[in-house]
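Student: Could you show me the structure, so that we can go through its surface and its pockets together?

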Amino acid sequence: LFSNGFEPAQTEKALATYETRLKMIKQLLAYAKTFKLQGINIDFENVKTSDKENLVQFVREFTPLAHEQNLVVSIDVTPKSNSEFWSAFLDRAKLGQTVDFMMVMAYNEHWASSPVAGSVSSLPWVEQSITRILQEDGVPARKLIMGVPLYTRMWTEQPDGKGGVKVSSKTLGMNAVASLLADKKLKPVVSEETGQRYVEFKDGEATKKIWIEDELSLEARMKLAKKYNLAGVATWARSFASDGAWAVIDQHLQSRP
């Protein structure tokens, strides 16, 4: 993984000239050779839109040299939106012409500090995120990898004393959610709207809400990847997974025709 650390000013400086880009490329190739890597995944986020073309140029300069070392080159992209620093800087069409794989981070539909509680990654939103890149940007399905969350958020809606609601969230992995459901003897229901199990409960004056990531939602995601004949799936993050998560992913992806 080659990350920009979410630092826009540093990224602007690093991408600005051929010399600065080449310095990064040489370092990456040296690391890949030293550690006998199979590939490099580029994860640049929080980038100025003015650096859009320079990022494309960096990928164009890096990829042929990486291929000379038999390295696979992939890049992470967000679903398309109007957000300047998180989406608009990505020229998915041009990047898709160069890289071997494009990983769509199809999560954070509702992010940690979202003012409204909601799913991290509802299935209709994921499908729209995938199809927009396939259709609008012409990225071939054989290059597109669907990013899958192995986490969810427990949302807390607390009265703010002014007639409104204050919303906050806490990230939970699959095992943590399963333990919570067992401890509180909660029975989730299937949300047709999101394609996930959903549960809510009271904690004093607060209402807790969870759109659950489990084998049910994972199976639906795997079916979506096969529906569009995508290259595969990627996950974030391994530490959040239950043991059953890997079995579902393996079962469905290995059964492809």
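Tutor: Phe-35 is found in the loop between helix 2 (18-34) and strand 2 (39-43), where helices (H or I, at least four residues) and strands (E, at least two) are DSSP runs numbered from the N terminus. This is a predicted model, in which local features need pLDDT of at least 70, side-chain atom pairs count only at pLDDT 80 or more, and totals for chains, interfaces and linings use all residues. Residues are numbered from 1 along each chain as its sequence is written, and side-chain values use heavy atoms, with hydrogens and water left out.

Student: Is Phe-35 buried or exposed?

Tutor: Buried means under 20% relative accessible area, exposed over 50%, and partly exposed in between, with a 1.4 Å probe and protein chains only. Because the relative accessible area of Phe-35 is 54%, Phe-35 counts as exposed.

Student: What is the volume of the largest pocket?

Tutor: On a 1 Å grid over the protein atoms alone, a pocket is an open set of points where a 1.4 Å probe fits, with protein on both sides within 12 Å along at least five of seven lines. A volume is the space filled by probe spheres set on the points, and for the largest pocket this comes to about 910 Å³.

Student: Which helix supplies the largest share of the lining of the largest pocket?

Tutor: Lining residues have an atom within 4 Å of a point, and there are 29 of them in the largest pocket. Strand 2 and helix 6 (123-136) are among the elements that each supply at least two. The largest share, four residues, comes from helix 6.
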